[in-house]
Amino acid sequence: MTSLMVELLEIPKAQQVVITEDTLTVDLSDGRTISVPLAWYPRLLHSTPNERNNWRFIADNQGIHWSDLDEDISVKNIILGQSSAESQKSFQRWLEERKNND
């Protein structure tokens, strides 16, 4: 399915989010539950359980935001199986800033 076809489809809304040490699971309004590895989202992978669990829905439940991590993940990208598009350089800078703030 091309991304243009996905644009024409209605993307279901997120209803619940569960995050474990290695998995992000999202319950969707159409009845599906989608789980993806945290390795796809390095900021989540390298965060504390408290930081992971401090999230909120954004864009009318079309995305999830973690303010402690400056991370946003859209339902669309989860459905399409798209991992973080953050560059390695940006991620390394983020990790260094975390170390310096500890």
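Begin with the charged side chains of this predicted model: select the 10 positive and 16 negative charges of the protein chain, whose mean positions lie 4 Å apart.

Next, display the whole protein chain as a cartoon. Its secondary structure consists of 5 helices and 6 strands.

Now consider the overall dimensions. The C-alpha atoms occupy a box of roughly 45 × 25 × 20 Å along the principal axes. Of the contacts with a separation of 6 or more, 45% join residues 24 or more positions apart.

Switch to a surface view. The accessible surface comes to about 6,400 Å², and carbon and sulfur atoms contribute 48% of that area. Buried residues make up 32% of the 102 residues.

Finally, turn to the aromatic rings, where the count comes to 2 aromatic pairs. Select Trp 55 and Phe 57: their ring centres are 4.9 Å apart and their planes meet at 65 degrees, so the pair is edge-to-face. Trp 55 is partly exposed, with a relative accessible area of 22%, and Phe 57 is also partly exposed, at 24%.

Then select Phe 91 and Trp 94, a stacked pair with 5.8 Å from centre to centre and 25 degrees between the planes. Where do Phe 91 and Trp 94 sit? Both belong to helix H5 (residues 88-101), and because they are 3 residues apart there, about one helical turn separates them. Phe 91 and Trp 94 are both buried.

Definitions and conventions:
Residues are numbered from 1 along each chain as its sequence is written. This is a predicted model: local features need pLDDT of at least 70, side-chain atom pairs count only at pLDDT 80 or more; totals for chains, interfaces and linings use all residues. Side-chain values use heavy atoms; hydrogens and water are left out. Helices (H or I, at least four residues) and strands (E, at least two) are DSSP runs, numbered from the N terminus. Buried means under 20% relative accessible area, exposed over 50%, partly exposed in between (1.4 Å probe, protein chains only). Contact means heavy atoms within 4.5 Å. Accessible areas come from the Shrake-Rupley method with a 1.4 Å probe; for residues, only the protein chains shown count as cover. Lys and Arg count as positive and Asp and Glu as negative; His and the chain ends are not counted. The place of a charge is taken as NZ of Lys, CZ of Arg, CG of Asp or CD of Glu. Rings of Phe, Tyr and Trp (its six-membered ring) pair if their centres lie within 6.5 Å; planes under 30 degrees apart count as stacked, over 60 as edge-to-face and the rest as tilted.
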